[in-house]
Each structure stands twice: as C-alpha cells, then as structure tokens.
Amino acid sequence: MTLEDTALEDTTPTIEQGSTGCAVHSIARDCLLTRTRQISRVMTAIYDDALRSIDINATQFSLLVLISELGPLSRSDLGRKNHHDRSTLSRNLQPLIMRGWVSEVAADEDRRRRLLHVTEQGQALLRDATPAWVSAQAKARAVLGERGANELMSIASDLPRRLS
C-alpha cells in the first residue's frame with residue numbers, strides 16, 4: 001500500500017449498511033458531486049455577474065472561447081472536447097448562432113459535415129469581454145485561493161478525454 005493509498009483510505013467515508021439516516025448524513029457531508037456542483041454554481045455566478053454588461057452568460061462565453069480556440073470544428077467534436085451531451089450543447093449554441101457570434105457552415109472536404117466558426121462579431125465580443133473576464137478570473141481566484149485555483153486547473157487538465 002502506497003502513501004497515496006493510505007491518504008485516500010483515511011478520507012473515504014464509511015457508511016453502515018441499513019442506516020439510512022447515517023448514510024444520508026455521510027453523503028451530504030462527503031459527496032464529491034455535491035461539492036463540485038456547489039463550486040460550479042459559485043464560479044458561474046461570478047462570471048455571469050462580470051459578463052452581464054456584455055450581454056452574454058458564462059456558459060455561452062465559455063463555448064465562444066472554445067470555438068475560437070479549437071475551431072473550426074463540428075458540434076460532435078466540440079461536445080467531446082468539452083464533455084457536453086448533444087442536447088445541452090445545441091441549447092447553449094443556439095443563442096450564439098442567433099446573435100451572429102458563431103456560424104455553422106458546410107466543411108469544404110465533406111459538404112454533409114457542418115463546422116462551427118466564430119464570426120467577426122464573435123471575435124469583437126471576445127475582445128470586448130476580456131476586461132470583464134479578467135475581473136471575474138481575479139474574483140474566482142480570490143474565492144478559491146491561489147492553491148485551490150491551481151489544483152482545480154490541474155484536476156481539469158487531467159480529466160479523461162470523453163470517448164463517446
């Protein structure tokens with residue numbers, strides 16, 4: 001057993017069989033999903049507040065940045081790279097397309113395949129939103145602390161690539 005195994009063993013909650021009240025308390029206290037969703041809501045609120053004057057929300061801004069960075073790319077490639085399911089991705093992309101920030105055009109090599117591109121309007125929005133993003137990033141780092149922010153970035157970079 002390694003030191004890391006020992007550390008994990010010590011922090012893993014134990015739940016007695018047949019003890020629903022105890023199990024619920026333990027899950028409420030120790031659930032990683034609950035904690036990451038809480039962090040997500042707090043971070044989203046910080047970025048939403050900062051981006052509100054630009055008339056874009058944090059989810060849309062994140063997608064716009066990804067398309068700008070990785071594009072042109074298909075919806076399925078974007079979904080795989082960002083761990084989105086098809087319906088959620090479509091719902092979040094629609095406002096970007098409707099506002100003219102993203103376009104979806106047939107690929108040159110295969111006209112059946114459609115690729116997402118950030119338009120000139122979308123690039124201008126990204127430039128205009130940069131100061132708001134910088135402000136939100138500073139607030140988020142303050143909430144998480146420098147160590148927490150760095151650990152979060154490390155965890156995110158180590159996530160497995162989605163296969164399906």
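**Reading the pocket and the core**

Reader: How many nonpolar, polar and charged residues does the lining of the largest pocket have?

Author: By class, the lining has 18 nonpolar, 10 polar and 5 charged residues, where Ala, Val, Leu, Ile, Met, Phe, Trp, Tyr, Cys and Pro are nonpolar, Asp, Glu, Lys and Arg charged, and the others, Gly among them, polar. The model is predicted, so local features need pLDDT of at least 70 and side-chain atom pairs count only at pLDDT 80 or more, while totals for chains, interfaces and linings use all residues. Residues are numbered from 1 along each chain as its sequence is written, and side-chain values use heavy atoms, without hydrogens and water.

Reader: How much space lies in the largest pocket, and which residues are the closest to its centre?

Author: Rolling a probe the size of a water molecule over the atoms shows where empty space is left. A pocket is an open set of points, on a 1 Å grid over the protein atoms alone, where a 1.4 Å probe fits, with protein on both sides within 12 Å along at least five of seven lines, and its lining residues have an atom within 4 Å of a point. Here the largest pocket holds about 1700 Å³, as filled by probe spheres set on the points. Among its 33 lining residues, Ser 62, Asn 82, Leu 152, Met 153 and Ala 156 are the closest to the centre.

Reader: Which element gives the largest share of this lining?

Author: Helices (H or I, at least four residues) and strands (E, at least two) are DSSP runs numbered from the N terminus, and this chain has 7 helices and 2 strands, in the order α-α-α-α-α-α-β-β-α. Helix 7 (120–157) is one of the helices that supply at least two lining residues, and its share, the largest, is 11 residues.

Reader: Which residues have the most contacts inside the largest nonpolar core?

Author: A nonpolar core joins buried Ala, Val, Leu, Ile, Met, Phe, Trp, Tyr and Cys residues through side-chain atoms within 4.5 Å, buried meaning under 20% relative accessible area and exposed over 50% (1.4 Å probe, protein chains only). The largest one has 27 residues, and Ile 56, Leu 64, Ile 67, Leu 78 and Leu 93 have the most contacts inside it. Helix 7 gives the most to this core, with 6 residues. Beyond its neighbours within four places in sequence, Leu 64 is in contact (heavy atoms within 4.5 Å) with residues including Ile 56, Trp 101, Val 118 and Leu 125.

Reader: Is Pro 160 buried or exposed?

Author: Pro 160, in the segment after helix 7, is exposed, because its relative accessible area is 59%.
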